[in-house]
Amino acid sequence: MARWAPEATDTMSAIAGEVIAQVGTNRTVVGIDGQDGVDLERVAAALVTGFAAHGVSAMAAVAPSADVDALRTGLVTPFRTTGAGPGVLVVHGHGVLASGARGLWRWSMWVEQESGRLERRADVKIAASAVLDVTDPEHPRREWNDAC
C-alpha cells in the first residue's frame, strides 16, 4: 500500500510560512546548505515558490563561495541595503552553514537525501533552523531532529 506524502509545493509553502512566522520578511536572508549531491538550486527555487504562495517577494542566489566576507559583501549587504520593504533572499551553496557563515542568515536549512545520515554533519544540522529530506524530490519531508 502506497503512503501519502505531501507534494513539494505544499512542503515548501509550509516551510516558507514557518520562516515568515519566525523571522518575518523585511529584507530577510535565508541560507540553504546540504550534503554533496543534493540539488540545492532546486530546493532554493522551490522555497522561493513557497514564499510566492504567501504573497512574499523572494529570489534565490547561488553563493559565490563559503567565504564569510564574500557572502557578506557580495550578497547579504547589497540585498539588505538596496530596496525597501518586504523581501527574502534565499542563498544556496555548499558550505554556507559553516560555523563562520551561520551568523549571516536569519533562518537556515540543511538538505539531505540518503538514509543513515544522522551521524554526518551533526554540527550543521543542529545549527540549522530546519532539516529537509529530499530523498524523494517530488515529496520532500521536513525532518524534526529534536532531542525529545
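**Reading the core**

Guide: Start with the inside. This is a predicted model, and its largest nonpolar core has 23 residues. Ile-32, Leu-47, Val-90, Met-109 and Val-111 have the most contacts inside that core.

Visitor: Which elements give two or more residues to this core?

Guide: They are α1, β1, α2 (40–53), β3 (88–92), β4 (107–112) and β5 (130–133). The largest share comes from α2, with six residues.

Visitor: What is Leu-47 in contact with, leaving aside its neighbours within four places in sequence?

Guide: Leu-47 is in contact with Met-12, Ile-15, Ala-16, Val-30, Ile-32, Val-90 and Met-109. Another core lies apart from the largest one. This other core has 18 residues, including Phe-79 and Leu-97.

Visitor: Now the whole chain. In what order do the elements run from the N terminus on?

Guide: The order is α-β-α-β-α-β-β-α-β-β. That gives four helices and six strands. Buried residues make up 43% of the 148 residues.

Visitor: Let me try a single residue. Where is Thr-25 found?

Guide: Look in the loop between α1 (8–23) and β1 (28–34).

Visitor: Is Thr-25 buried or exposed?

Guide: Compare its relative accessible area with the cut-off. Buried means under 20%. Thr-25 has 17%, so Thr-25 is buried.

Visitor: Which residues is Thr-25 in contact with, leaving aside neighbours within four places in sequence?

Guide: Thr-25 is in contact with Ile-20, Val-56, Gly-85, Pro-86, Gly-87 and Val-88.

Technical notes. Residues numbered from 1 in each chain as written. Predicted model: local features only at pLDDT ≥ 70, side-chain atom pairs only at ≥ 80, totals over all residues. Heavy atoms only, no water. Buried < 20%, exposed > 50% of the residue type's maximum accessible area, 1.4 Å probe, protein only. Contact = heavy atoms within 4.5 Å. Core = buried A, V, L, I, M, F, W, Y, C linked by side-chain atoms within 4.5 Å.
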